[in-house]
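Please have the sequence and the structure open while I talk.

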Amino acid sequence: MGARRVDARGLSCPQPVIMVDRALKEGNGHLEVLVDNEVSKENVLRFLNKRGFHTEVEEEVGSIVIKAMK
Amino acid sequence: MRENFFASRSGIVVVGVIIGISAAWLQYLGNPANMGICVACMERDIVGALGFHRASVAQYLRPEIMGFVLGSFFVSLLAGDYRPRGGSGTLIRFFLGMFAMIGALVFLGCPWRALLRLAGGDGNAIFGLLGLIAGVFLGVQFLKRGYNLGRSYPQHRASGWVFPALMVVLLFLLVFRVSFSPGGPIFFSEKGPGSQHAPLLVSLAAGVIIGGLAQRSRFCTMGAIRDVILIRDFHLLSGVGALVAGALIMNIVLGQFKPGFTGQPVAHDNQLWNFLGMALAGLAFVLAGGCPGRQLFLSGEGDMDAAIFVLGMMVGAAVAHNLNFASSPVGIAPFAPIAVLAGFVFCFVVGLTQRERLNL
């Protein structure tokens, strides 16, 4: 199954977390979240880790990709 | 990747304690009572010093504000967080800032001062804080219905220097006490809260240190309440709790803790308007994504939309004093209710209409 992609680049807190929350409520267990700043990365990671997700971070130029699996 | 200690639970608690202790200590060294740090009051004093309002008791170029921006600027450069950006609902943020300031000046303080007033024993602050919570709760309802001001976009690297540079100019005017005309600005209050201040270098140093720490820890008084209501996250709230605890202990040690409702410094006891003023401010902070302190720290790290919010707050301070919206220790001003009502109408229209569909 492919990962559900959430593009939260250019958005500031709490929008990225709200978008991830919405994606989780749709029943997705495999996410790929794109953010473009450290604050969003920290907030999304804190949110997902607290909900028992295993997360991996890949930093690229201009964007940070957070991969999350239940 | 280096871990950011200040983004951890212990990190934000340490930052909160440092802010609380510094604020109480600044009061001990000369800042007005329960106003060791008040972003709204201090911006209002800066606006007064420049002559944009003429409330003669509220005129001083507060170095804490300059320190907040510059501390955040330097630390964000060092940490690689400096990222010039802008273009997200810019004009709307200006007016959100304006109404946030008007609401804060009806209560007589921003969320930071509400916490410090509580830590100083001012019972009226409880009604302000309840208002703040109510305002944030309202704002969260808009967030849940898809409210957002849209994406921001990267800007040229030098554009993020403009706001810190403005702070350097203000600092220059303060250090050299520049006078532009006989009897004209820069004004320095001779009595009242504007005349009370800690030594310049201490205020500036405290501001720079807090600005740097807050940039790293993302400290935000509004976000603390918002995150609890929105996602049951207590991370930022633990920092706010630490601030109150730090200030409370320091106030007791320094003999500054004076519990009561009447005769509290730079405060009034009209509880309905303490509540409503702060509710308006809280709502505007949610819609703009940060408390007034956070907006300064964001301005330092290159967020030009946050800088516009700050400028909106400054214009709001001038408007509030010139048009008789701002409270005084005697009570609220004649036109305060109309201004607060107008602010709520503006925030509701913004909250309901700014719902760009974001493609997840």
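Let me begin with the second largest cavity, whose lining consists of Cys13(A), Pro14(A), Val17(A), Asn43(A), Arg46(A), Phe47(A), Lys50(A), Arg51(A), Arg226(B), Asp227(B), Ile231(B) and Asp233(B). Before going further, this is a predicted model, in which local features need pLDDT of at least 70 and side-chain atom pairs count only at pLDDT 80 or more, while totals for chains, interfaces and linings use all residues. Residues are numbered from 1 along each chain as its sequence is written, chains are lettered from A and ligands numbered from 1 in the order in which they are written, and side-chain values use heavy atoms, with hydrogens and water left out.

On a 1 Å grid over the protein atoms alone, a cavity is a set of points where a 1.4 Å probe fits but cannot get out, a pocket is an open set with protein on both sides within 12 Å along at least five of seven lines, and lining residues have an atom within 4 Å of a point.

Helices (H or I, at least four residues) and strands (E, at least two) are DSSP runs, numbered from the N terminus. The lining of this cavity divides into 5 nonpolar, 1 polar and 6 charged residues, where Ala, Val, Leu, Ile, Met, Phe, Trp, Tyr, Cys and Pro count as nonpolar, Asp, Glu, Lys and Arg as charged, and the others, Gly among them, as polar.

Turning to the backbone, Cys13(A) is joined to Pro14(A) by a cis peptide bond, with omega about 10 degrees, and Pro14(A) sits in the loop between strand E1 (4–7) and helix H1 (15–25) of chain A. A cis bond also runs from Pro185(B) to Ile186(B), with omega near 10 degrees. Arg177(B), although not a glycine, has a positive phi of about 40 degrees.

Finally, helix H3 (residues 63–79) and helix H12 (residues 292–300), both of chain B, pack at an angle of about 45 degrees with their axes 7 Å apart; axes are lines fitted to C-alpha atoms, for helices over the stretch in contact, and angles run from 0 to 180 degrees between N-to-C directions. H3(B) is therefore oblique to H12(B), given that angles under 35 degrees count as roughly parallel, over 145 as roughly antiparallel, 65 to 115 as roughly perpendicular and the rest as oblique. The residues in contact (heavy atoms within 4.5 Å) include Phe68(B) and Phe73(B) of H3(B) and Leu296(B) of H12(B).
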